[in-house]
Amino acid sequence: MTNDVRLAVSGAGLIGKRHISTIEKTKGVSVAAIIDPSEAARAFAQSKGIPHFANLIEALTEAKPDGVIIATPTTLHVDQGFCCIEHGIPALVEKPLAVSAAEGERLVNQAEEAGVPILVGHHRRYNPLIEKAHSLIKSGAIGEVRSVQATAWFYKPDDYFEVAPWRTQKGAGPISVNLVHDIDLIRHLCGEITAVQAMATPAQRGFENEDLAGAVFQFKENGVGTITVSDAIVAPWSWEHTSGENDAYPQSEASCYLIGGSHGSLSLPDLQLWQNDGERSWLNPMRTSKAEVIPSDPLENQIRHFVAVIRGHEEPRVSGREGLRSLKVVEAIQNSASNQQRIEISERSA
């Protein structure tokens, strides 16, 4: 494959348009088609001179893309993923992988049996900040990871829900829509989560879902972590506001993750490393250092990686199986919040 890799984008909503914009500025890749039944999507595709299709099967048959980005509502992810597998076309599925872990597992199993790559759009893993944090932790800079405190607080305005009423429905609250990104990063940086206990409160705006939740979780290597998420708190402590990776959000000089280890601690996304001077003791002074990185667009990095996977040059960094593991943790948090019980997470897919 020497020409541009041609990607179809299914779903021309907020994230779909971001993918299209990213593809347009990335060398070696082009948009083969936009798939979305809405008239607005048709007009958008026409304005860009990109072929438009109302359904995925037509696009795969006529446009013959090399890969597909599935950026539709979560309820469509599995069916469209199966469609890509049947046509032997690699797919990048936006997070979360599926509505339920059971559905996600069916998709992942089928993809693995067919040998068709399925990636999940946890784009934060492609951020140089996370790549550096992962490297520091794996190098032993903070010793054994013992705990993490994560915060995901932000306030979504009313029009966020008005333009997409499905966001007000059960299962579309911040646990599934937002927390899955943070859980994926926590797993990536700190290790597998084996049990959770959670609480949630109903949305104050009268929606069918929650607007605030908190969870305590246990790591496979005996660590314990906590996280709270809310889309109804005015605050600067979220990845969106602290990382600066998306210009749509005003950046704050705060951190949203604190990772504690047996020999030091690391805050993110400021990459501040804390260690004792001399012997480890709460009585001894601490020194701090800040790791430096060269910033780059994680969505563009993800597209480049997807292209490399399609060309057969790389293995998926965030495979369907990896996305399923994060989805299982989020589902356990939802179930725990509903029944007020500790949930053990199955290792069948580990």
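Which strands does helix 9 (residues 179-190) lie across? The model is predicted, so local features need pLDDT of at least 70 and side-chain atom pairs pLDDT 80 or more, while totals for chains, interfaces and linings use all residues. Residues are numbered from 1 along each chain as its sequence is written, and side-chain values use heavy atoms, without hydrogens and water.

Helices (H or I, at least four residues) and strands (E, at least two) are DSSP runs, numbered from the N terminus. Contact means heavy atoms within 4.5 Å; axes are lines fitted to C-alpha atoms, for helices over the stretch in contact, with angles from 0 to 180 degrees between N-to-C directions.

| Helix | Lies across | Angle |
|---|---|---|
| Helix 9 (residues 179-190) | strand 7, strand 8, strand 9, strand 10, strand 11 and strand 12 | about 160° to strand 7 |
| Helix 12 (residues 320-339) | strand 8, strand 9 and strand 15 | about 50° to strand 8 |

The open sheet has nine strands in the order 14-13-12-11-7-10-9-8-15, with mixed pairing; two strands pair if DSSP finds at least two bridges between them. Strand 14 (286-290) and strand 15 (343-344) are at the edges with a single partner strand each, so one side of each has no neighbour in the sheet. Strand 9 (residues 210-219) and strand 10 (residues 224-230) run antiparallel and are joined by seven bridges. Phe217 is opposite Gly225 in strand 10.

Helix 1 (14-24), helix 6 (128-138), helix 10 (239-243) and helix 11 (298-310) each supply at least two residues to the lining of the second largest pocket. Helix 1 gives the most, with three residues.
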